[in-house]
Amino acid sequence: MVNRLCPDSPVPVLDESNHVDRPGGAGLAALFAVDQGFEVVLVTALADDAGGARLSTLLTAAGVQVYALPLPGSTPEKIRLRTRGRMLLRYDRGGPAGAPGEPTEAVLEVLAEAAAILVSDYGRGVARQPGLRSALAATRAPVVWDPHPRGPGAVPGVWLATPNETEARELSGTATSGPRLDVAARGAQGLRQRWRARAVAVTLGGEGALLCHAGETPLVVPAPTSADGDTCGAGDRFAAAATVALARGALVSEAVQHGVAEASRYVAGGGVAAAVPAPVAVTPPAPEVAVAVPVNGRGERIGVAAAGAVVTRVRAAGGTVVATGGCFDLLHAGHVATLEAARRLGDCLVVCLNSDVSVANLKGPDRPLVRQADRSRLLAALGCVDAVVVFDESTPHAALSWLRPDIWVKGGDYDTGGGDEPRLPEAELLHRWGGQTVVVPYLDGRSTTSMIDAARTTGRQPVGESR
């Protein structure tokens, strides 16, 4: 809330009472598509930083399957400062866009099998990636291209391009003189011919959209209702709704009408705050229990920043990133043997550690016995562990989608004697970026559960089967 001016400069002072993290850009469009009941895959680029980790967590929690390309530098962030329902300032950080890495076979497979594809181009480089462009040009699925002035042109043959008025003028070079609809129509026709697109729909804000397809006469789709409100994300809502409609077999004109209706409903309903509710963090936020801790003079090795720094350094040197995970409640010799074996497979080892909340959900309210702050410090103190990342979910999938390790190591009682054992749950996830899941031997007779049971019944060190 703003209720005073800064004493050393005539600017308002904003007292932060809460903050909300939400995916933006293509991530926001993916959330809108998930709400329509579709299985949604997001091909994007994530950096090895805290922003990339948080974005992966938000998207995975919402049901979006993240296929991440490596991104040099930082994850872009847009920070909107609001007071009394109005935006006071937008602060962008992340620096210049780096060139995303090459798509994997898994990314190309998912594009070839998609029912429909939405390209949300925000000028950060993913839409320029040659391998992706070739796959988009070759697909038979409907492709909707939401362009950006800093991005590349649409691949030939897209079913629908969806620029707004400003984008249509800038991308087509259309003169701004003349009636509004005439300017929009000239821009749409110019882009349709340049990109060899089947249709171009220019969004007109609260006035709806203008569609140019076969023939010279455009179709004007008015908004069903007139509403004032937060329009942030309305273009993403329009493009996502049109893409979903095409996936369901609608004509392009029907898809545009559906997109206009959805975007209008979105603004009238309160915009992104109402459409994508998110957990609110009260300021000052409580710090993570597992904070970065200096261990044995080897630097800060706990948290996403530490893990990101390790992974970036190893990848830059052409090394192999190894990761493993678990609860590690009552760290014992079996854990250490697994961790040491995992570390020998590559050039760094990142441990994905279940948080206290995650352990309790998996094992019951009486676990863990050792809190995550202490479990993190014990793991980080091991010479074979390079970084520790704590996650709250029941699986490490969100953390892995961000880390993208070359090798994921499982330790414990997994059958490796034949070809009939079930595929490890992380194997499909690792396939997204070309990673490998392996099992390492374990020390028989070491188990946290049996240790706890023995301590409760006999008070002695257990000897028995591993769990």
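This is a predicted model: local features need pLDDT of at least 70, side-chain atom pairs count only at pLDDT 80 or more; totals for chains, interfaces and linings use all residues.
The protein has 467 residues, and 47% of them count as buried. Its secondary structure comes to 16 helices and 19 strands. Take the contacts between residues with a separation of 6 or more: 66% of them join residues 24 or more positions apart.

View 1. Count along the sequence and Cys-348 is 35 residues away from Arg-313, yet their C-alpha atoms are 9.7 Å apart in space.

**View 2. Helix H1 under its cover.** H1 runs over residues 26-35, and eight of its 10 residues are buried, so the helix is mostly covered. The buried ones are Gly-27, Leu-28, Ala-29, Ala-30, Leu-31, Phe-32, Ala-33 and Val-34. What lies over them? The cover includes strands E4 and E8 (117-120), along with helices H2 (50-61), H7, H8 and H9 (272-275). After H1 comes Gly-37, which has a positive phi near 90 degrees.

**View 3. Where H1 crosses H7.** Here H1 meets helix H7, which spans residues 234-247. Their axes come within 9 Å and cross at roughly 45 degrees. That makes the two helices oblique to each other, and their crossing is right-handed. On the H1 side, the residues that meet H7 are Leu-28, Ala-29, Phe-32 and Ala-33. Facing them from H7 are Asp-236, Arg-237, Ala-240 and Val-244. Sorted by class, this contact has six nonpolar residues, two charged ones and no polar ones.

**View 4. The aromatic pair, Phe-32 with Tyr-266.** There is one aromatic pair in the structure. The ring centres of Phe-32 and Tyr-266 are 5.4 Å apart and the ring planes stand at 75 degrees, so this is an edge-to-face pair. Phe-32 belongs to H1 and Tyr-266 to helix H8 (residues 252-268), so the pair ties together parts of the protein 234 residues apart in sequence.

**View 5. Thr-44 in strand E4.** E4, part of the cover over H1, runs over residues 41-46 and holds Thr-44. With a relative accessible area of 16%, Thr-44 is buried, because the cut-off for that class is under 20%. Which residues does Thr-44 touch, leaving out those up to four places away in sequence? They are Val-66, Tyr-67, Ala-68, Leu-69 and Val-126.

**View 6. His-213 in a loop between two strands.** His-213 lies between strand E12 (209-212) and strand E13 (219-221). Its relative accessibility is 25%, so His-213 counts as partly exposed. Setting aside neighbours within four places in sequence, His-213 is in contact with Gln-189, Arg-192, Arg-198 and Ala-199. Val-200 is 13 residues from His-213 in sequence, and the C-alpha atoms of these two are 6.6 Å apart.

**View 7. Two loop residues with positive phi.** Neither Phe-328 nor Arg-404 is a glycine, but each has a positive phi. For Phe-328 the angle is about 50 degrees. Phe-328 is in the loop that links strand E15 (321-326) to helix H11 (333-343), and with 9% relative accessibility it counts as buried. For Arg-404, phi is near 50 degrees. The loop holding Arg-404 runs between helix H14 (397-403) and strand E18 (407-411). Arg-404 also counts as buried, at 5% relative accessibility.

**View 8. A cis peptide bond at Pro-368.** Which two residues does a cis peptide bond join here? They are Arg-367 and Pro-368, and omega is about 0 degrees. Pro-368 is part of the loop from helix H12 (356-363) to helix H13 (372-380).

Methods
Residues are numbered from 1 along each chain as its sequence is written. Side-chain values use heavy atoms; hydrogens and water are left out. Axes are lines fitted to C-alpha atoms, for helices over the stretch in contact, and angles run from 0 to 180 degrees between N-to-C directions. Helices (H or I, at least four residues) and strands (E, at least two) are DSSP runs, numbered from the N terminus. Angles under 35 degrees count as roughly parallel, over 145 as roughly antiparallel, 65 to 115 as roughly perpendicular and the rest as oblique. A crossing is left-handed if the near helix is turned anticlockwise from the far one by less than a right angle, and right-handed if clockwise. Contact means heavy atoms within 4.5 Å. Ala, Val, Leu, Ile, Met, Phe, Trp, Tyr, Cys and Pro count as nonpolar, Asp, Glu, Lys and Arg as charged, and the others, Gly among them, as polar. Rings of Phe, Tyr and Trp (its six-membered ring) pair if their centres lie within 6.5 Å; planes under 30 degrees apart count as stacked, over 60 as edge-to-face and the rest as tilted. Buried means under 20% relative accessible area, exposed over 50%, partly exposed in between (1.4 Å probe, protein chains only).
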